[in-house]
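Please look at the sequence and the structure before reading on.

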Amino acid sequence: MAGANNGPMISLRLASVAAVLVGASVLVAGCGVGGDTTTVTVTSTTGSGQLTPDSTTATTATTATTATTATTATTATTATTATTATTATTATTATPVVPVLNPVVQANMMLQKDLTTLGFYKGPINGTYGTATKTSVASFQRAAQLPVDGITGPQTQAAINLALGNPNTDAVNLLQTALTGLCYYDGSVDGVFGSGTEAALLAFQEKAGIKADGRYGPATARALAKAWPGRPSSCTNSGGGSSGSVTGDTATIGSPAIQRTFDLTSCTVTRGTILATGTAGSAINLGINTEGGPSAQVVVKGGGYALQGTVSRVAISANSQFRMSGTWGNNGQAWTMVGTCSQ
């Protein structure tokens, strides 16, 4: 099997790496100025804000009372200036309105953060699925012994989740949010890149006139981001497909013979043994039995497939995520599988 010498290292890494993503927010608040005040009655003002003396003030300008009045007038002018200054300060420090980020941009940012945590991305967290992000995805795929193309599909995302020790990720959650808002996805927004999310992406890609492969790459990211501002106010009929999952668990298999993500309709992990069944679409069925000896196998039937694989390696994490590898008995080709089995 290609890359077999790196298998233990990669399995150990994928089973042990965990990430805690902490979001930070900055609050901007205005400052007020308080203090004692003196109420002063002013008879009239000019457009320049200067006090206009009335006839009484003019007649008694030389008296002590008038001097006091003049002092008071000065105080009134000062108070007015202070009030104006306070108002200006409040207007300057008012909390700005921050527009809500496009969920596609947020999804790209979360993917970049996940790849940074795993040590594969060193660029800016800018939400752009550009060359640097694509190269980092390709580097991760190479290390995880996956097909290398720099595009995040179900299999690659499942491997990222497994490496992080998470059953799901915010990146997929946000992608599902975008597809839901655009009326292509009507399944659960659960952060799991299952066949429902894949079907929704396929439907969107076909509508957008880009390569329809059910995977999330730079072209799809650009098309989704462009479509998001014009999303409908409500969805009468979804253009995507429901996840159709009973357990909410998935298994993604990849090899030259088949690359698909299955929704697991049954899944149990007992003493390191995985027993599961699943479907992809309505015609392709998966069976997993990792019991030891010659009975350990993975079977894919339907939709033109009739594959039976021998299981050579199984690794199960504490949260029942798993990674498996083996060969197809039909043609000797190597395959790998990553998935989640919560039951």
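The structure holds one disulfide. The model is a predicted one. The link joins Cys183 and Cys235, whose sulfur atoms are 1.7 Å apart. It is left-handed, with -80 degrees about the S-S bond.

Buried means under 20% relative accessible area.

| Residue | Relative accessible area | Class |
|---|---|---|
| Cys183 | 12% | buried |
| Cys235 | 38% | partly exposed |
| Thr340 | 13% | buried |

Thr340 touches residues from several parts of the sequence, including Pro167, Asp249, Leu264, Cys267 and Phe322. What about strand 8 as a whole: how many of its seven residues are buried? Six of them are, so strand 8 is largely enclosed by the rest of the structure.

Strand 8 pairs with two strands named here. With strand 1 the pairing is antiparallel, over four bridges; Gly339 in strand 8 is the bridge partner of Ala251. With strand 7 (residues 321–328) the pairing is also antiparallel, over seven bridges, and Thr327 stands opposite Ala334 of strand 8. Strand 7 and strand 8 form a hairpin with five residues between them. In the turn, Gly332 has a positive phi of about 75 degrees.

Key. Residues numbered from 1 in each chain as written. Predicted model: local features only at pLDDT ≥ 70, side-chain atom pairs only at ≥ 80, totals over all residues. Heavy atoms only, no water. Buried < 20%, exposed > 50% of the residue type's maximum accessible area, 1.4 Å probe, protein only. Contact = heavy atoms within 4.5 Å. Disulfide = S-S within 2.5 Å. Pairing = 2+ DSSP bridges. Lists of a residue's contacts leave out its neighbours within four places in sequence.
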